[in-house]
Amino acid sequence: MDRVVQRERASRRKPRRPSVVRRMALFPLIIFYMEAVLRLWSAQPFWGVGFLYALLFSVGVGFICNLLTSLLPMRAGQVMRWVFLWVFTLFFGVQVIFYSVFRTYVEFGAMAMAGNVVDFFAEAVQGFFNNLLPVFLLLLPVALCQAKELMKRRPIRQKELLRVAIITALLHVLVIGSIVQPWDRTENFYLTRRAIYQEQFSLNLAATEFGLLTATRLDIFGRPEADVSAALALIASEGDEQEEPREPESIEPVATPEPTPEPEIVFDYNILDIDFEVLMETETRAPILEMHEFFSRRPGTQQNEFTGMFEGKNLIWICGEAFHTLAIHPEITPTLYRMSTEGFIFPNFYTPDTGFSTTGGEFGTLLGLIPTQRHAFRDSHTNYLPFAFGNMFREQGYATFAYHNHTYTFYRRDLSHPNMGYIFRAVGNGLNITRQWPASDVEMIQDSVGDFINEERFHVYYMTVSGHLEYNFYGNNMAFRHREAVAALPYSTGPRAFLATQMELDLSMQYLIDALDAVGQLENTVFVISGDHYPYGLTHAEMEELGGRPLPEPIIDAHHSALLIWSASMTEPVVVETFGSFYDVMPTLANLFALPFDSRLVIGTDLLSDAEPFVPFASRSWISQLGRFNSRTGEFTPHPGIDEADIPENHVQQMQARFLVEEHFSGQIMAHDYYRIVLGR
């Protein structure tokens, strides 16, 4: 009887309240699930320590979401939970699509360009249909929550909320502490998680190491400003350790006839007369003083046998959309092929990722500086830019023009390019071409050539668009236009469509050559062509197919590209084996045209000088003259033919320090309008 009574009493008891952890687990699980889906559909490694950090940060962010919604009245909390769920779903869905198209995640600063989405509507639609499966997987939590009514949460007691808040705070402290702990402050400057989390932040790397939500939080709220003191000390110590030249041993003289000595050519340096001592004596601002000290110690690059080779000639400078070594084909793009074999030849040239797509590549190409944020070019329009070629050539009496066959306000070129000394014309701002996507390079040349071809001396800059993705024959007008010319090529659709788009650039160059030849200006004109970034509309497999060779380290090898410097006046090609990138184009050209500039105040180096080259990637990988460092694997690999015994013991540390310092001071130059300060304007 007693047992029956006990069972009846037990049956009347209220069901046991689920633990607070179970009731708070919804958002941590949803966020981590979405992080996992994103990792599966991107090129980043899935497993590893980054996977664990993504989980831990997901738990923390999920708890915060639950805490915020639990503080609201029940109905309002339910609505806010749905808002959070849809925001996360849309955020990760956009990132999956964006990554599939541009091979990078979209940083918060790019959200300001949302109004330009119509310009890439076709790419967005194509990206959506190419990623139906991950988009469907990201929508599953929404469907599950709707079906199971998971958003109708039971209220959480105040004591429980306090307990969860304490757990969340402790979790964040422990996780972040494990990243920035003092014992990880390596003096070797290898790429640590602490460095990625702080001064050497990269959105793609941070997403790999900590999850995309944490990477976006760092992007939005910023990171501590880079402390370059240790890097500067390492660079300075390296200079101090250089051996002094030794006196030759004394030997008995031998009576031999002395040959007639040839006069030694002593080359000057590409530097300006800047009295840094006076500047430092009168400066009180710490960041400016730090820059004075750094740039005063840089040796600058020495002039050479090519200095002034093109002095007085005209310059046509093209930054080609997705222009790449793969665009050069003897039959399909014969003009580009001719330029690549008859002028300066750079077999070790790269267009490294900047993290900012076209605007980053264009900024690095034209200014010789590393962009440290997406709007670096736009924000430069209030800066004094004495080394921008429009300004330098204009001071020498040249007519200077810049053109772009896309919307004139895109990336705010309407602000940046006039500030560089150009009369700027684009679609909507005086350039009259057919409205199509992508627009025609040939039409841009045809509509603009009359502006300058009859000028005595001119410098023209073109930013093309015909080579833009998607690489297919139904959504790309330039690929469709030239589809028959590439139909017989033994490649799949992507590579053939890419070559078809580059045919438009090739034909536009031939049009310019013919027009200049007709007025007797061809021999007096120099052509320069490089790309803004690699053709990320092609998969790595398609790049290997078109190039006929593997990409053993795609994070680096995909960016191996071409720089064409060609003039009909050249009698023979010049091969330059130096490793370089688009950061080096500006100082190389300035030396060739004998333009007055200070090589200490730009980060790129003259590829024709004896300066030690360096190619930095936003992924934190880099290339030196001795080898390459892959940030994804953490390995340094010497170049073929380089004996490991000839590599200094601390070469990797030295280059890591150089990377940090050069990136830091590039950003400081723009942030503080340093050229105006140091050159007195």
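**Close-up views of a predicted model**

Figure 1. The model is predicted, so local features need pLDDT of at least 70 and side-chain atom pairs count only at pLDDT 80 or more, while totals for chains, interfaces and linings use all residues. Residues are numbered from 1 along each chain as its sequence is written, and side-chain values use heavy atoms, with hydrogens and water left out. Phe473 sits in the loop between β6 (458–463) and α21 (477–481); helices (H or I, at least four residues) and strands (E, at least two) are DSSP runs, numbered from the N terminus. Not counting residues up to four places away in sequence, Phe473 touches Ala479, Phe480, Arg483, Val486, Thr493, Arg496, Ala497 and Ala500, where contact means heavy atoms within 4.5 Å. Between Phe473 and Gly494 the C-alpha to C-alpha distance is 9.0 Å, with 21 residues separating them in sequence.

**Figure 2. The open sheet.** Eight strands form an open sheet with mixed pairing, in the order β5-β4-β6-β1-β7-β8-β2-β9; two strands pair if DSSP finds at least two bridges between them. Its edge strands, β5 (423–427) and β9 (574–575), each pair on one side only. Strands β1 (residues 314–320) and β7 (residues 525–531) run parallel and are joined by seven bridges; Trp317 has Val528 of β7 as its bridge partner. Helix α16 packs on the sheet and touches β1, β6 and β7, its direction making about 160 degrees with that of β6. Helix α23 (residues 493–518) also packs on the sheet, touching β1, β6, β7 and β8 (564–567), and its direction makes about 170 degrees with that of β7. Axes are lines fitted to C-alpha atoms, for helices over the stretch in contact, and angles run from 0 to 180 degrees between N-to-C directions.

**Figure 3. Strand β8 and its partners.** Four bridges join β7 to β8 in an antiparallel arrangement, and two bridges join β2 (residues 344–345) to β8, also antiparallel. Leu564 of β8 is the bridge partner of Ile529 and of Ile345. In a regular strand the side chains alternate between the two faces of the sheet. Both faces of β8 are covered, with Leu564 and Trp566 buried on one side and Ile565 and Ser567 buried on the other.

**Figure 4. Helix α16.** Because 11 of the 11 residues of α16 (residues 357–367) are buried, the helix is largely enclosed by the rest of the structure. Among them are Glu362, Phe363 and Leu366. Gly368 follows α16 and has a positive phi, near 70 degrees.

**Figure 5. Packing of α5 against α11.** Helices α5 (residues 74–102) and α11 (residues 212–221) pack at an angle of about 90 degrees, with their axes 12 Å apart. They are therefore roughly perpendicular to each other (roughly parallel: under 35 degrees; roughly antiparallel: over 145; roughly perpendicular: 65 to 115; the rest: oblique). Phe88, Phe91, Phe92 and Gln95 of α5 meet Leu212, Leu213 and Thr216 of α11. By class, this contact has five nonpolar, two polar and no charged residues (nonpolar: Ala, Val, Leu, Ile, Met, Phe, Trp, Tyr, Cys and Pro; charged: Asp, Glu, Lys and Arg; polar: the others, Gly among them).

How values were computed:
Buried means under 20% relative accessible area, exposed over 50%, partly exposed in between (1.4 Å probe, protein chains only).
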